[in-house]
Amino acid sequence: MVSYERRKEKRFPISAPARLELNGFGQKNVINLTTANVSAGGFYLETHNPRPTGTPVSIEIVLPHRIFRRFGGNQRVLIEGEGRVLRAESSGMAIGFEGDYKIRQLQ
C-alpha cells in the first residue's frame, strides 16, 4: 500500500496553548485548547468537541520558551491570525491559516 503525504508544510510536534474565537453561526464563542502539532500552514488541536469543517476562527497560539532556547532566546512568541477548520474528526480538528498571520514576541 502506497501512502501519499498531502501536506505542503512540515509539521512539528508542539504542545502550546491555543485560544480560538469561533466566528460562525451568528455567535462568538471562545475556546482554549492545546496544539498537538504546528506548521507554517496551520495546526492540529486534540478535542472531544471538534467544530464543523469550514468554521471560521480567530487564532492565538503562544509558543513556549523551550522552542527558542536553541537559538539563544528565552522568550515566548504569540502567533495571531485568521483561519478555518479544515478537518474535524472524533479526536480533534485541523485548522488552516487564511491569509497572513502575525508573529510577535511576548514580554
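A tour of the strands

Visitor: Let's start with P56: which residue in β5 is its bridge partner?
Guide: First, this is a predicted model, where local features need pLDDT of at least 70, side-chain atom pairs count only at pLDDT 80 or more, and totals for chains, interfaces and linings use all residues. Residues are numbered from 1 along each chain as its sequence is written, and side-chain values use heavy atoms, with hydrogens and water left out. Look across to β5, and the bridge partner of P56 there is R84.

Visitor: How many bridges join β4 to β5, and how many join β5 to β6?
Guide: Two strands count as paired if DSSP finds at least two bridges between them. Strands of a sheet pair through backbone hydrogen bonds, either parallel or antiparallel. Both pairs here are antiparallel: β4 and β5 share eight bridges, and for β5 with β6 the number is 12.

Visitor: In what order do they sit in the closed barrel, and what is the average twist?
Guide: The barrel has six strands with antiparallel pairing, and its order is β1-β2-β3-β6-β5-β4. From one strand to the next, the twist averages 40°. For angles like this, axes are lines fitted to C-alpha atoms, for helices over the stretch in contact, and the angles run from 0 to 180 degrees between N-to-C directions. So, with axes set up that way, the average twist is 40°.

Visitor: How many salt bridges are there in the whole structure?
Guide: Side chains of opposite charge can pair when their charged atoms come close. To count as a salt bridge, a side-chain nitrogen of Lys or Arg must be within 4 Å of a carboxyl oxygen of Asp or Glu. Search the whole structure and you find three.

Visitor: How far apart in sequence are the parts that E80 and R104 tie together?
Guide: The side chains of E80 and R104 meet in a salt bridge, at 3.2 Å from N to O. E80 lies in β5 (residues 76-89) and R104 in β6 (residues 92-106), so the parts they tie together are separated in sequence by 24 residues.

Visitor: And how far apart in sequence are the parts tied by R84 and E98?
Guide: R84 shows up again, in a salt bridge with E98 whose closest N and O atoms are 2.9 Å apart. R84 is in β5 and E98 in β6, so the distance along the sequence is 14 residues.

Visitor: Is E98 buried or exposed, or something in between?
Guide: Buried means under 20% relative accessible area, exposed over 50%, and partly exposed in between, using a 1.4 Å probe and protein chains only. R84, at 30%, is partly exposed. E98 has 37% relative accessibility, so the label for E98 is partly exposed.

Visitor: What about R87: which residue meets its side chain in a salt bridge?
Guide: In β6, the bridge partner of R87 is A94. The salt bridge is another matter: at 2.9 Å from N to O, the side chain of R87 meets that of E89.

Visitor: Which residues are in contact with P50, leaving aside its neighbours within four places in sequence?
Guide: P50 is found in the loop between β3 (42-46) and β4 (56-63). The C-alpha atoms of P50 and A88 are separated by 5.8 Å, though the two are 38 residues apart along the chain. Contact means heavy atoms within 4.5 Å, and the residues in contact with P50 are A88, E89, G92 and M93.

Visitor: Last one: which element has the highest mean pLDDT?
Guide: pLDDT is the predictor's confidence in each residue, from 0 to 100. The chain averages 85, and 80% of the residues score at least 70. Among the elements, β6 has the lowest mean at 92, while the highest, at 95, belongs to β3.

Key: Helices (H or I, at least four residues) and strands (E, at least two) are DSSP runs, numbered from the N terminus.
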